[in-house]
Structures are given as C-alpha cells and as structure tokens.
Amino acid sequence: SNHSYFLQKICLSALLLTATSTSSPVRYLAKLSSVGSISEEETCEKLKGLIQRQVQICKRNVEVMDSVRRGAQLAIDECQYQFRNRRWNCSTLDTLPVFGKVVTQGTREAAFVYAISSAGVAFAVTRACSSGELEKCGCDRSVHGVSPEGFQWSGCSDNIAYGVAFSQTFVDVRERSKGSSSSRALMNLHNNEAGRKAILNNMRVECKCHGVSGSCEVKTCWKAMPPFRKVGNVLKEKFDGATEVEQRKIGSTKVLVPKNSQFKPHTDEDLVYLDSSPDFCEHDMKNGVLGTTGRHCNKTSKAIDGCELMCCGRGFHTEEVEVVDRCSCKFHWCCYVKCKQCRKVVEMHTCR
Amino acid sequence: MAGAIIENMSTKKLVIVGVILLIFQVLSFLVGGLIAPSPTTAIPYTATKCVDIRKYHQKWLMPGGRNPCEKIQDFKEATERHIEANDIVFAVHIPKPDLEMSSWFQFMLFVLQFEIVFKLANQIDEAGVVTIDASLAYRDDIVSEWTPMAHSKEQRKLNCVFPANKTKKNEGLPYDCDLLPFMEVGTVAHKYYLVNIRLPVNERKKINIGIGEIKDIGLVSIHQNGGFTKVWFAMKTFLTPSILIIMIWYWRRITLMTRPPVLLEKVIFALGLSMTFINIPVEWFSIGFNWTWMLLFGDIRQGIFYSMLLSFWIIFCGEHLMDQTERNKFSVYWKQVGPIVFGSFCLFIFDMCERGVQLTNPFYSIWASDVGTELAMAFIIVAGICACLYFLFLCFMVFQVFRNISGKKSSLPAMSKARRLHYEGLIFRFKFLMLVTLACAALTVIFFIISQVSEGHWHWGGHTVQVNSAFFTGIYGMWNLYVFAIMFLYAPSHKRYGDEQSNDLLHREDIQLTTTITHVDGPTEIYRMSGKEAQE
C-alpha cells in the first residue's frame, strides 16, 4: 500500500461524491452517483486504498472528504508544475500506484510528493473551512470549546488550525498505524509535517486599522494563507536542499539523522530522504520510471530542461511544427475570451 | 482665601492617595489582560461562487444551508459550461454554519481581497477599477426569508503589484493586492447576514474590463468580541458613578466659596463632564436597540474628551504663567485652543464623511474615490498640522512655567524657613503633577506601541495575557484616574476655609503672603506665585 495510491482513490471517489464535472472520464460512476442510493458512509468503505483507520475518519468527517479530494488534485497539479522541466515530471500513471515506484521508495521525489500532499490537504480543508462548507470547523475546538458562547465571548481560532489538524489526523494516520519504528514511516511523517510547515511558516499577517476616524488606535490582524503556488515554490526549494538521512537509535527512540555527519542537522521544515534517486533516463516500467524519450526539451538551455541533460545524451529530434495560438484576445474577468487565431511555426525538440 | 487640596495635604497622605490610585491602575490593566479576550476578532471568509440561474431568478443566493445555490469550484468549470461573468454571484454567509452573530459584537466591518492570478495576455490595467454590485441581507432564524438591508454599486481601485517578473514562466502566480474597504455596520442586531457580490461586465461602458483573471474573492469580517464588550461595559458602568460623585463633590466645594469660580476650576469641571460623557454606558442600549449611529457617537464622545484634555493642559500651564490682567478668560487662549478646535473639527467632518455616510450606505468608503482620498488626506493633514502647532505651544508654555519656577527657586534662600519649606513643597507638588501628566502620556504612547508591535497576547506561565485588551482598559482607566485625581487634588481645601484664623506659623506666613497679593484670586499657591512673578 502506498500514499499516492490512496490519493488517486480519493480523486476517483470524489467523482462518485460530486460528479458535477461533465467532462468526467468515468461516466458510469457519475451515473451511479445520480441514482443517489449510495449512502455517504458506504462511499467511505468503497474507497480502495484507504486503511481501516482512514475509513473510520472518512465516515466521521464525510463533509471534509471532498476538500481532501480537491487537496490531492491541487497537490498533483502543483507537483507537475514544479517538475515540468525535469526528467521526473511528477507524471501520474494510469495504472496504480499513481506516481510510480519512485515514490514507494524513500527517494527525494517521494519526500516532495508526501510533503506537497499533506500541504494540499491542509490547504484545501482550510479553504473549505473559510468558505463555510464545513460545519465542524466553525469555531475553535481546542481553546474555548465548540459552544456558541465561546464564539460570542472570544471569537474563533484560525481556519488554518483546523486544516492542519485534519491533515495531521487523516494523512499521518497511515504511518502511525504502521508503527513509527520503520525508517520509512519516520521519513514520511517528517515530510508530511514539513509540507504543513511550508504553509504555516509562510502565513501572511494582514492588518486593518479601525479606530477613531480609521486611526490605528484599534488594529485587528489576521493570518492569511499563502497562495498554493508559493507553498509549491518553498517545497521545491526544500527538495533541492533535501537531506539524506539514516535511522539511528538514540536512547529508546529511533530518530533520523543526516547520513553525512558533517552536514548540519535538518530542521522541521526541511525535506529528508533515505534512498538516492535513479537518473530517470530510461523507460523502466518495473520501477515506474517513464523515461525521457519523447519529452520536449530546450535546445538553448544548459540546465536540466536543456536537451543535453533532459535526453541523457541520447540526442534529440527537431521538427518544425505549426502551432495555432490565441492572440489579441479580449478577456473578461471570468469565463469569456475572444481571440484571433494566430498560426506560427516553431521548432520543437524531442528526446530520442 | 481658599487653597487647593494638593497644597495642604501632607506628603504622607499624598503618597497614600497615589498608592490607592496606582492599585486601581494596575487593576484596570489586569481586568483587560486577564479577564477580557482580545478586543476584536477577524474571520476570513472565501466567497462561494454561485451561478445565478436566470430561470429561477433567486433574489438571494446562499452558499449553504437549506436552499443552497448552484456552486462552481473554479472558473474553468464556468468556462466549460458557458456561464458568463454576469451570472456569477459571490456569496458569503456570516457567520459560519452553526454559529450566530450577537449584538454584543457592537459593529461589523468587512475588508475585501481579490485573488487575481497573473496571465500574460490578461493583465490588470494600470488604473484597474473594479465595480462591485454589493447587497446585504439579514434574518434571525434559519427558515425565514432574507430581509434586504443595503444595496449599492461601488467602485474600488485595485492596487495590485506583481511580485515577480511578468513573464510566461510566472503565469498562474497571484498578484499582491491591497485590502479594499468593503462595508461597515455600526450595530449587529441580527443573527445571520448574507453578502452577495456581483461584478457586472459591460464592455461598452468599460465596466470591469481589465481587472485581470479573478480566481477568488476573500472577505474578512472584523467585529468586537462579546467578552471584551462585556468587560468594557462593566468598567464603564463602574467608572461613571465614581467620576460623577467626585465631580459633584468638586463643584459643591467650589460653590461653597464666596468668590465665583475661576477659569481653571471651570476647565477642570468641564474635563470631568467630558469624562463622564464618555463614561456613561449608553452602549447598553445597543444590546436591545438597532442603533447604527453608536459607532459615530462613540467617535464624537472620544473627540470631545481628547480636545477637552488638550485644552486643559494648555490652560493649566497658562494659568500658572499669565499676567493677572490677561488671564482667567477663555478668550485669552484662542491662539492655543484654536488649533485644537479646528483640528478636531476637521476630524469630525472627515468622520461624518466616512461613518456618517455609512449610516445610509454601509458600502460607502471615502477612500474608494480619488477625490475622496484627497479630501480625506487633506482633512487628516490639516488635523496633523494643528496637532503639531498645539504641541509647540504646549512645550513652549511648559518651558516658560519651569523657567519661572527656577527663577523663584533662586530667591528661596532669602526667605524665612517656613516660607521656604512651603514654596519648596508647592514647587515639588506642581512638578509632581507635571510628571504624572507626562507619565500618563508616555504610558499611553508606550502601550500603544507595544500593542501595535506585539502579537496581541503573551503567555505567562499558565496564563494568557491579552496585551491589546489590557492596553484599552488600562489606558481608559488611567485617564479616568487622572481626571479623578485632578478633581480631587485641585478642589478648594476645606481645611483652609475653617483655619483662616489659625495660629499655625505656616499659615500665618501664608496669609502674609496672600495679603501682599490680595487681588490675585487663583486656585493654587503656585498660581498666585507665578502671577506675582509675572507682575514683577
């Protein structure tokens, strides 16, 4: 069983739950949902890939599961955006597991996927909370109690507290149930937390002055979540500077320490990994590596998106392609674009 | 000849009074810091994107509850379904599900934040102005219909900057947009509120064109915490009779005298009156009545008190300095009091333009239009200049008083021992009061800075100290105690009244002194003394 597997399952199950999108690739599931005979709790049972404890959490928090699905999608999209120019481009496979075996091993890539997933869930649940979709997150549960009196007396806690707490219970439970003794579980838990920290440590504080005549005599501040792109950027930086660790026993507890003792120990926000990554060059279905054959590359770049590195020295094809592009467009703020079609010829480089 | 209590009190008694006041001061800080929650709460909301289906033509679109609107998750979905911008309504239900608003919240104000993503082809115009069609409704139970409260078409200037390079690579990154004032309601009389926002597009009139690609609309509601309101009310209810009693006592003492009250006495009484005016807890009525003007009324009361306090300082200094032929008339101080009156008048006009207009249109904001912003800035700058002018005058006067005192000090050794001791005591007490005033002002400034800088609450052992609440109750208590102390210490001394024929050496000396300047009829010795100085 692995983490991404359940993400994919959540995505599918969400189609069951909502089926609002007409472009649903799984039509019959959408049809099923319109029957409306599936009770909510049953849906939790049908989500393959969830462990028993998660099914229980799902049953108890059915209203949150849609945001979990959205969070998973958000994480996949962001991962693919951040890695669009790399050999491993966070591609999801049609067959399970979603991200291939790369993620089932304790690689750097796995560290990123775990971190962005737990961040995505925390982000989406927080969002849902602030749009009033969730009844349970209405008011602070930890400090003042859930009562309306608590709200009247001192207001509510931040939405993010609920989002993070939910991500902790739902995402981390997989590792915790395995027993946190294995080094993989420790690594995953650490990276999950690092993902959430990427949100928490980048919260923006915004303030409004509303004293006499709008003076700052009275000022109210609140915390706003960073845009998810920013979270992705932060985690990508952490990915580049991830620490290779190994498990060691200190006293009676097992902890992860840097493999190279000369490196300074990692913090809560850093990503850690156990195994080094493959080079992702050749197609290797057994390990879930797609290879870079057929990938587009940049002829002029010397970086990883350049043809030299991307194609692993195998060389590349160049062809002239006519692309139909949109140009001189007129936009509305939503949903309306009126464009001319411009055709242009571009050189396209593809790895052999 | 009546002297003030401060002159006739022994140092021991003065210390006792000081300690009692200090205890109350500490109490007022503790009440805010330990009992009250933070003064205000901000709740961030993300607007739900509803589709306004024409065939149903619902008037109010709700994000959840019994009759929820048809929602879309993002605008990609809307594009696929050929929904137009004009069919989209941003709906926010206040408060969150399962909770209800309360009149203890006193006021509600809303801040609007647009989440606009950067698209190379669809950028925000230089002067991106968004036209908002906003409406507000309320209801008191979850089954009844929504009752409209306000509806308006407002314009707001989007102040957005893009934090990265405007390249293809950075598409999808959001702009950093300024918070926009959205709405202010001076009373929270209902349980549930609903905000519906539309951003109508009209290409011909260039309405809502060039505002980029909106992804989400965030709304932050700010209201006063019910707990803070309760503590605040309790404090006001306790302070009102305290100040009222000392005020009556003070005025009785003055009317008991044979002479009519002098200017300084009248000003102190006026200070007490304005303090009582601010103290009277009329806010209790906001719990039962739907009085939207309470916020404005509170501003006016505060304004009156502050201008009274500033005028008092000027007159207090001036009356210890002026020539006897000029002083004791309010008109003498026009030059110093003028800036105060003019400055507070400017702020009053500004407040009327902002909160006054909000009584009829809660969506109005003077900062929304360019002309309004300039006008508001003009008012505030003029008020600022007045404040500077005032403080220059005040500092100059304080300097003059101290110069006069030091002049007097040099002639002290030539005096008899009793007389010298008497003068030294007077100077000490005058300086003491000056110091108290300075300490109060400094404390206000320091606490203001702390409350601005700190996160709002400190953890101290197992307790959470609400710094902001402590600031409000502490400073409010402090100025109450200040006014209390002034009325108490500057009331005419009773002892003096009866003891006029006393054989006490000090008093005989004093009578000698006063007989030399019998025509001077001031409330304090130092006042007489400096009056004499000015004569010389």
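## Chain B: overall make-up

Chain B holds 14 helices and 14 strands. These elements are DSSP runs, numbered from the N terminus: helices are H or I with at least four residues, strands are E with at least two. The model is predicted: local features need pLDDT of at least 70, side-chain atom pairs count only at pLDDT 80 or more, and totals for chains, interfaces and linings use all residues. Residues are numbered from 1 along each chain as its sequence is written, while chains are lettered from A and ligands numbered from 1 in the order in which they are written.

Of the 536 residues in chain B, 40% are buried. Buried means 20 or more other C-beta atoms within 10 Å of the residue's own; exposed means 12 or fewer, and partly exposed lies in between, with C-beta atoms placed from the backbone. Take the contacts in chain B between residues at least 6 apart in sequence: 81% join residues at least 24 apart. Two residues are in contact if their C-beta atoms, placed from the backbone, lie within 7 Å.

## Annotated segments of chain B

An unreviewed UniProt entry places the feature "transmembrane region" at residues 231-251, 263-284, 304-321, 333-350, 375-405, 426-450 and 470-491 of chain B. Such positions are given in the numbering used here, feature names are shortened, and annotations may be inferred rather than shown by experiment.

Two of these stretches can be checked against the model. Residues 263-284 of chain B are 82% helix and 0% strand, with end C-alpha atoms 35 Å apart. Residues 470-491 of chain B are 91% helix and 0% strand, and their end C-alpha atoms are 31 Å apart.

## The A–B contact

Chain A brings 39 residues to the contact and chain B brings 58 residues. On the side of chain A that touches chain B, α7 (108-130), α8 (148-154), β1 (204-209), β2 (219-224) and β7 (316-331) each supply at least two residues. α8(A) gives the most, with 5 residues.

By class, that side of chain A has 17 nonpolar, 15 polar and 7 charged residues. Nonpolar covers Ala, Val, Leu, Ile, Met, Phe, Trp, Tyr, Cys and Pro; charged covers Asp, Glu, Lys and Arg; the others, Gly among them, are polar.

## Helix packing in chain A

Helix α10 (residues 183-200) and helix α11 (residues 228-240) of chain A pack at about 130°, with axes 9 Å apart. Axes are lines fitted to C-alpha atoms, for helices over the stretch in contact, and angles run from 0 to 180 degrees between N-to-C directions. The pair α10(A) and α11(A) is therefore oblique. Under 35 degrees counts as roughly parallel, over 145 as roughly antiparallel, 65 to 115 as roughly perpendicular, and the rest as oblique. Ala194(A), Gly195(A), Ala198(A) and Ile199(A) in α10(A) meet Val231(A), Val234(A), Leu235(A) and Lys238(A) in α11(A). These contact residues divide into 6 nonpolar, 1 polar and 1 charged.

Helix α5 (residues 62-82) of chain A also packs on α11(A): the axes come within 10 Å and cross at roughly 55°. This makes α5(A) oblique to α11(A). Leu74(A), Glu78(A), Tyr81(A) and Gln82(A) in α5(A) meet Phe228(A), Gly232(A) and Lys236(A) in α11(A).

## Gly163 of chain A

Gly163(A) sits in helix α9 (residues 159-177) of chain A. Gly163(A) counts as buried because 30 C-beta neighbours lie inside 10 Å. Leaving aside neighbours within four places in sequence, Gly163(A) is in contact with Ala122(A), Phe123(A), Val125(A), Thr126(A) and Cys129(A).
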